[in-house]
4 protein chains.
Amino acid sequence: MEAKPPDHSGTDGARRRGNGRRARTKTQNRDIILAAARQVFAEMGFAAATVRDVIRATPLAAGTFYNYFKSKEEVYQALRDEVALAVRPGLRARRRAAGNAGEFLSATFGSFFAAALDHGGSFAPRPAAALRFRMDTPEVLAGIAELKEDIEDAMARGVLPPVDGGRLATAITGLGFELSQDLNGPAEAAASTDFATRLVLGGLGALASKA
Amino acid sequence: MEAKPPDHSGTDGARRRGNGRRARTKTQNRDIILAAARQVFAEMGFAAATVRDVIRATPLAAGTFYNYFKSKEEVYQALRDEVALAVRPGLRARRRAAGNAGEFLSATFGSFFAAALDHGGSFAPRPAAALRFRMDTPEVLAGIAELKEDIEDAMARGVLPPVDGGRLATAITGLGFELSQDLNGPAEAAASTDFATRLVLGGLGALASKA
Amino acid sequence: MEAKPPDHSGTDGARRRGNGRRARTKTQNRDIILAAARQVFAEMGFAAATVRDVIRATPLAAGTFYNYFKSKEEVYQALRDEVALAVRPGLRARRRAAGNAGEFLSATFGSFFAAALDHGGSFAPRPAAALRFRMDTPEVLAGIAELKEDIEDAMARGVLPPVDGGRLATAITGLGFELSQDLNGPAEAAASTDFATRLVLGGLGALASKA
Amino acid sequence: MEAKPPDHSGTDGARRRGNGRRARTKTQNRDIILAAARQVFAEMGFAAATVRDVIRATPLAAGTFYNYFKSKEEVYQALRDEVALAVRPGLRARRRAAGNAGEFLSATFGSFFAAALDHGGSFAPRPAAALRFRMDTPEVLAGIAELKEDIEDAMARGVLPPVDGGRLATAITGLGFELSQDLNGPAEAAASTDFATRLVLGGLGALASKA
DNA sequence: TATGAATGAGGCTTCATTCAT
DNA sequence: AATGAATGAAGCCTCATTCAT
């Protein structure tokens with residue numbers, strides 16, 4: 001129970017005043033943790049990640065995490081909120097503005113593959129145990145939910161034919177993830193966008209003529 | 001080091017009351033573990049489940065687990081392989097016998113969803129924190145490779161139109177896994193099979209007319 | 001989550017077979033923990049002691065503790081039970097056999113000071129923060145409860161006069177503890193026994209003649 | 001490093017709404033902490049209480065605690081000293097003025113129990129796991145030393161019989177602390193005073209007739 | 001083979017304490 | 001002085017895995 005005073009001196013005498021721990025402001029630290037969490041969740045998946053993993057991806061001390069979040073889940077929530085505010089409005093807008101199914105789909109797949117590329121292999125296989133995991137990070141789950149909504153909206157507007165919206169969203173999601181695994185550059189992203197868009201576009205026609 | 005099923009019932013077949021030597025038939029323990037693992041993974045999700053959880057769902061001792069599997073991942077693999085082994089041979093035959101794209105696709109998706117259903121939740125998402133994951137075990141990877149071969153074979157036979165075979169296989173795989181996550185009964189499996197088959201069928205038409 | 005295998009090889013090649021960890025049997029380990037707990041509780045008091053403190057006073061690994069007890073409190077219970085069975089029956093017998101108040105009291109104080117001496121300063125001041133703590137270890141609490149019972153029994157038998165039994169037990173307890181703090185040898189124990197016995201004996205007379 | 005009461009109200013006397021400079025009178029924070037500590041110790045026991053608990057029971061910031069006290073123990077000491085300072089001078093006077101042993105003892109025990117009562121549970125045992133403890137802070141030790149002096153003085157004056165003065169002081173101390181643990185109101189304090197006084201009074205007669 | 005106790009790494013969280021502001 | 005975020009030691013406990021029997 002007797003805590004020893006933490007050793008702040010360290011081994012480098014240049015640490016003092018100004019660029020020490022006070023160089024990191026409160027808001028900065030929150031962002032540092034969020035950034036680390038995003039990366040860690042992307043790399044090893046939310047379920048496999050531990051709070052310690054997040055902390056380790058940070059210059060901060062273990063206890064500092066708990067000044068900002070009570071648990072891994074709470075970080076997750078914050079990430080959701082953040083992404084919801086930052087990434088998705090644009091995609092939503094494009095989808096909502098889509099005048100036809102092709103625009104809707106190419107916006108969707110194009111964004112998805114672009115994001116996958118940006119995340120530099122975030123969705124790619126891990127070496128761990130030679131297994132391939134695919135984790136739904138916060139933004140992904142939120143994105144799926146939005147996709148579902150947008151599909152329903154598009155159907156209501158006549159932009160998409162009236163097919164099974166839930167399955168369509170699921171199908172698009174699966175297509176997107178699987179095709180994003182092997183992306184190796186913008187050219188492939190474009191080709192995959194084209195492929196997926198046409199596949200689903202054609203499929204929609206077939207589904208609509210029957211349903 | 002690879003887990004091998006025990007071949008003999010050992011020396012204490014009379015240990016359990018009531019059914020004599022049947023109580024210790026070979027590979028029984030392996031099956032006990034697999035059954036427990038399937039249930040535990042289904043109940044709490046693969047990521048959240050621990051080896052201990054699996055053992056606890058078993059009448060066996062902790063050490064016994066390691067006579068059969070090296071890790072949780074290996075059990076999972078075995079669970080997957082079980083499906084693959086049961087499903088693949090028949091699937092291959094049906095695909096090779098397919099006279100048109102619809103038969104090819106419905107055989108593929110139908111088998112896949114049936115297997116997913118049989119495996120009662122092995123693929124299904126877990127509540128909240130236990131997010132979705134997917135593992136490509138060797139057997140599964142082999143299954144995907146087979147799909148690719150079969151697609152090429154079908155194209156050569158004119159059963160499928162000449163599109164990008166690699167992407168088509170990938171697309172079908174993604175569609176299959178994603179749609180299999182939410183299956184809740186045979187009716188849904190049939191509906192998903194129908195949906196996926198028509199989607200890809202229509203898509204193939206669209207892709208073919210351009211490519 | 002990936003645990004590395006514990007290093008059992010150590011640095012001494014003579015560790016193997018026979019005198020390794022299997023040299024400690026299950027029951028022995030339970031006793032080892034109990035003995036360590038008794039000492040730790042006596043040294044620093046139950047409330048201040050941690051499970052880690054107990055483990056550290058042991059050659060066992062941290063996790064082993066939890067094979068035997070769920071918590072500090074559970075050890076405490078076990079200690080109570082143990083002491084109840086081992087130490088106190090003799091004292092009880094002597095008190096119950098006491099033919100007069102003097103015998104009752106000298107048995108009580110004599111046992112107490114002997115135990116204090118045996119415990120080699122268990123009740124003595126700690127250097128910690130220059131404060132003196134007096135903790136009621138399990139045996140102490142149980143002993144106090146028994147003292148109360150025995151007093152009532154003795155009053156019923158006419159061995160003790162009918163005074164306030166609760167306060168008498170408390171008074172004897174306080175006297176015992178305080179006098180035991182400065183004991184430096186058997187001679188002092190005897191002198192303190194004599195002093196306390198006569199003090200209370202005389203006091204009883206005075207209390208009885210008024211009450 | 002010793003905690004000193006702050007002497008000035010500082011520069012921001014107008015900081016709290018409503019009562020101007022009175023809001024920041026000197027030593028106010030020290031008293032706030034002491035009051036919070038008294039309550040927290042009473043509620044959860046000294047051992048279980050943490051500095052954080054005390055701070056949380058306060059409107060003050062964590063760091064402020066350390067402007068006044070170095071540790072939990074120091075707060076406890078201050079709490080004790082408070083009593084001692086309030087009680088000792090009067091007690092001394094009464095003891096020195098005592099014309100007989102009864103007056104001497106009832107003054108001693110009466111003051112002690114009254115103080116214990118005033119301190120509302122500071123000495124009382126906590127539920128279950130938080131066991132009893134007693135601390136002899138410098139002030140308390142000084143009080144005991146004073147008792148010893150007063151006893152010798154009383155013996156010299158013939159007010160107390162010539163018995164072992166050291167042991168008598170110790171006995172009175174132990175009696176006092178132990179009986180003070182269970183006090184629940186003024187009536188009990190009076191009863192305990194009466195009980196202890198008569199017990200020791202009678203005991204003194206017995207000890208004297210032998211010694 | 002099966003058993004299950006032992007192991008110790010490591011996850012989670014809270015704590016006492018410091019220190020820039 | 002007062003603040004309160006940062007720190008990291010250390011408590012608690014569970015886990016995967018080993019190994020003597």
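**Terms and their grounds**

Me: Which residues of H5(D) and H7(D) meet?

Reply: The model is a predicted one. In it, Thr108(D), Phe109(D), Phe112(D), Phe113(D) and Ala116(D) of H5(D) meet Ile172(D), Gly176(D) and Ser180(D) of H7(D). The contact residues divide into 5 nonpolar, 3 polar and no charged.

Me: What makes a pair of residues count as a contact?

Reply: The cut-off is on C-beta atoms placed from the backbone, which must lie within 7 Å.

Me: How do the axes of helix H5 and helix H7 of chain D lie, and what is the handedness of the crossing?

Reply: Helix H5 covers residues 101–118 and helix H7 covers residues 165–180. Their axes come within 10 Å and cross at roughly 35°. The crossing of H5(D) past H7(D) is right-handed.

Me: Why is Phe177(D) called buried?

Reply: A residue is buried if 20 or more other C-beta atoms lie within 10 Å of its own. Phe177(D) has 20 C-beta neighbours inside 10 Å, so Phe177(D) counts as buried. Phe177(D) is placed in helix H7 of chain D.

Me: How far is the C-alpha atom of Phe177(D) from that of Arg30(D)?

Reply: The two C-alpha atoms are separated by 27 Å, and the residues are 147 apart along the chain.

Me: What is the pattern of chain A along the sequence?

Reply: The pattern is α-α-α-α-α-α-α-α-α, and chain A has 9 helices and 0 strands. Of its 211 residues, 36% count as buried.

Methods. Residues numbered from 1 in each chain as written. Chains lettered and ligands numbered in written order. Predicted model: local features only at pLDDT ≥ 70, side-chain atom pairs only at ≥ 80, totals over all residues. Axes fitted to C-alpha atoms, helices over the stretch in contact; angles between N-to-C directions. Helix = DSSP H or I, 4+ residues; strand = E, 2+ residues; numbered from the N terminus. Left-handed = near helix turned anticlockwise from the far one by under 90°. Contact = placed C-beta atoms within 7 Å. Nonpolar A, V, L, I, M, F, W, Y, C, P; charged D, E, K, R; others polar. Buried ≥ 20, exposed ≤ 12 C-beta atoms within 10 Å, placed from the backbone.
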